[in-house]
Number of protein chains: 2
Amino acid sequence: MKVVALAGGVGGAKLADGLAQVLPPEDLTIVVNTGDDFEHWGLKICPDLDTVCYTLAGLANPETGWGRVDESWQVFDSVTALGGADWFRIGDRDLGTHIERTRRLNAGETLGAVTAAFCRAWGVGPRVLPMSDDPIPTMVNTDVGVLPFQEYFVHQRCEPCVSGFRFEGVEQAEPAPGALEAIENADAIIFCPSNPWVSIAPILAVPTLRSALAPPPTADAAAPSPLPKLGEGRPPGGRVRVAAVSPIIAGQALKGPAAKMYTELGIQPSALAVAQHYLDLLSGFVLDTLDQQQAAAIRALGMNALATDTVMKIKDDCKRLAEEVLQFLNK
Amino acid sequence: MKVVALAGGVGGAKLADGLAQVLPPEDLTIVVNTGDDFEHWGLKICPDLDTVCYTLAGLANPETGWGRVDESWQVFDSVTALGGADWFRIGDRDLGTHIERTRRLNAGETLGAVTAAFCRAWGVGPRVLPMSDDPIPTMVNTDVGVLPFQEYFVHQRCEPCVSGFRFEGVEQAEPAPGALEAIENADAIIFCPSNPWVSIAPILAVPTLRSALAPPPTADAAAPSPLPKLGEGRPPGGRVRVAAVSPIIAGQALKGPAAKMYTELGIQPSALAVAQHYLDLLSGFVLDTLDQQQAAAIRALGMNALATDTVMKIKDDCKRLAEEVLQFLNK
């Protein structure tokens with residue numbers, strides 16, 4: 001059974017880690033948002049790729065969910081003492097990743113190739129792919145102007161009121177080698193509990209990735225082909241089982257600005273809102289037990305729904321949720 | 001009394017530190033070799049500038065003489081775990097310097113401006129100038145081919161046999177702003193105990209710097225004008241008191257390949273050989289008491305000679321030697 005997970009930040013990395021605990025590495029591909037990538041201190045930084053890889057490698061800081069465990073801040077202190085920018089904290093071990101990645105990219109390697117090499121070095125089994133080797137920077141429309149994502153997210157602490165997003169250059173972007181094939185050959189796709197606006201949406205905005213996820217409706221739209229069971233294989237151009245796990249629990253995001261974004265965009269943040277967000281793409285939706293009263297409304301959208309405990313505090317939580325999602329996908 | 005010191009690595013930094021302990025900061029300019037500068041891990045690294053600045057700032061590692069005190073190696077371990085180059089060790093605090101310098105250079109600041117800003121941040125009083133804002137990489141001719149300096153010096157541990165040096169682009173290079181004026185207005189110039197071949201020679205190879213140090217002989221060469229006393233002022237185009245401190249003691253360099261280079265170039269390494277090396281430029285020469293039997297031969301070259309203890313182990317040694325050199329220069 002081949003599974004593709006789409007992932008962004010901390011929540012996405014945790015469910016990806018759960019899937020990696022459950023599936024043989026060759027059966028799991030994680031396609032990661034790169035809209036958050038930016039240049040800082042002259043280095044290329046890929047926060048979501050790093051969070052996913054560090055988490056799978058057991059190198060992530062368990063306190064923060066991002067950055068590295070046993071981290072120190074000597075370089076940061078040294079750079080900022082010289083007047084360097086201090087609004088984005090980079091730890092020493094983490095910095096090594098950015099330095100070596102930047103060197104390789106400048107030498108002509110692709111982001112996908114660099115990520116694969118790093119995963120080998122870190123002992124990460126499943127395939128981790130950037131959504132694209134092309135830069136697709138997320139730009140945030142706000143009440144203080146259009147802001148590059150990290151300027152909005154870190155420097156301005158998500159304080160500006162958002163009115164929309166743009167994924168710069170996405171129309172011309174190609175998926176990273178392997179991503180399209182992985183989706184086309186997947187028995188199941190999982191949208192991890194990542195921010196729908198700025199973690200999953202950029203991946204879905206890559207033209208060929210989206211169309212591979214949601215093949216155009218057939219002429220006989222009134223009688224769509226039944227979803228194949230997991231492991232049965234997917235007919236060419238056929239539908240695939242796709243489940244999303246809600247990043248919104250009781251109207252709140254566990255981390256990050258997803259709920260604030262829904263509100264500012266005029267949508268009440270809820271699991272139901274997330275299910276509606278992904279409407280045409282999903283065959284199933286996983287929401288937290290705290291929100292189980294929304295399950296009926298979600299089923300009414302034409303998808304299965306599973307209410308379970310979706311909060312992943314420890315590694316075992318990630319595994320249990322991954323198991324439940326995989327089991328649910330097959331229903 | 002205005003003093004200019006020409007300096008390269010560890011020995012140069014120590015005497016510069018001694019001079020900084022003795023002279024008011026506004027009276028001391030240190031012009032530093034940049035032939036060793038190179039790019040590594042995608043960053044611009046200026047080993048001699050950093051050694052001088054760290055030493056003056058009290059940030060230098062007293063064990064090694066280079067790099068920073070209280071250093072850690074987290075980034076190095078992180079980069080090399082990903083397959084990054086491990087032949088040039090960069091500590092965490094030191095790395096901060098390279099990151100912020102590279103960022104500023106890429107943003108269009110000159111090396112001189114960056115160095116001045118760093119000196120302000122580190123509380124370094126005297127003016128520290130690169131010999132040039134233009135890159136002038138030292139290339140080493142060896143029995144295994146032409147090697148960039150750090151490839152010879154660090155990667156190949158000075159093992160190849162040298163046959164000559166080239167300072168790439170020096171013919172077209174301009175001195176860094178302030179360097180020429182400092183030499184023209186100096187009451188005394190000191191060649192620090194740095195490697196004559198690869199620390200002092202690159203500075204002297206910058207065309208206008210050398211001619212400012214050694215004005216062309218007057219028509220009345222038989223009766224050169226007397227050297228002005230320190231503090232008396234220097235007549236336009238007139239001679240200036242210039243003293244070198246020998247980096248060779250008892251036929252050996254305290255550190256680095258200077259003696260090995262002399263031997264490979266067919267010259268017996270000695271204080272006398274250094275004095276001959278700088279012949280046309282010097283009014284005085286300082287050698288170690290271990291070599292005092294060479295003083296007469298050095299005086300016979302037409303310069304004053306002072307034999308004293310030139311080994312600088314602790315900060316007070318640097319100060320004492322600086323005082324003696326300044327006193328000697330006035331003779």
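These legends describe several views of a predicted two-chain model, from one whole chain to single residues. Local features are given where pLDDT is at least 70 and side-chain atom pairs count only at pLDDT 80 or more, while totals for chains, interfaces and linings use all residues. Residues are numbered from 1 along each chain as its sequence is written, and chains are lettered from A in the order in which they are written.

**View 1. Chain A as a whole.** Chain A has 13 helices and 14 strands, where helices (H or I, at least four residues) and strands (E, at least two) are DSSP runs numbered from the N terminus. Its radius of gyration, taken over C-alpha atoms, is 19 Å, close to the 20 Å that the globule rule (2.2 Å times the number of residues to the power 0.38) gives for 331 residues, so chain A is as compact as a globular protein of that length. Along the principal axes, the C-alpha atoms of chain A fill a box of roughly 65 × 40 × 40 Å. Of the 331 residues of chain A, 51% count as buried; a residue is buried if 20 or more other C-beta atoms, placed from the backbone, lie within 10 Å of its own, exposed if 12 or fewer, and partly exposed in between. Among contacts in chain A with a separation of 6 or more, 66% join residues 24 or more positions apart, a contact being two residues whose C-beta atoms, placed from the backbone, lie within 7 Å.

**View 2. The two-fold axis and the meeting of the chains.** Chain B is superposed on chain A by a rotation of 180 degrees with 0.0 Å of shift along its axis (RMSD 0.0 Å), which is the relation of a two-fold axis. The superposition is by least squares on the C-alpha atoms of residues with pLDDT of at least 70 in both copies. In chain B, the C-alpha nearest the axis belongs to Asp92(B), 3.5 Å from it. The contact takes 24 residues from chain B and 24 residues from chain A. On the side of chain B that touches chain A, α3 (74-81), α4 (92-106) and α5 (111-122) each supply at least two residues, and the largest share, ten residues, comes from α4(B). Because 100% of the interface residues of chain B are also interface residues in chain A, the copies meet through the same surface.

**View 3. Helix α5 of chain B.** The twelve residues of α5(B) reach 16 Å from first C-alpha to last, close to the 16 Å expected at 1.5 Å a residue, the expected span being 1.5 Å times one less than the number of residues. Its buried residues are Leu111(B), Gly112(B), Val114(B), Thr115(B), Phe118(B) and Cys119(B). They cover an arc of only 160 degrees, taken from the directions from the helix axis to the C-beta atoms, which puts them on the same side of α5(B). These buried residues pack against α2 (47-57), α4 and β5 (127-130) of chain B. Just after α5(B), Gly123(B) takes a positive phi of about 70 degrees.

**View 4. Helix α8 of chain B.** Ten of the ten residues of α8(B) (residues 196-205) are buried, so this helix is largely enclosed by the rest of the structure. Among them are Trp197(B), Ile200(B) and Leu204(B).

**View 5. Gln156 of chain B.** Gln156(B) is found in the loop between α6 (149-155) and β8 (162-167) of chain B, and counts as partly exposed with 15 C-beta neighbours inside 10 Å. Not counting residues up to four places away in sequence, Gln156(B) touches Leu147(B) and Glu151(B).
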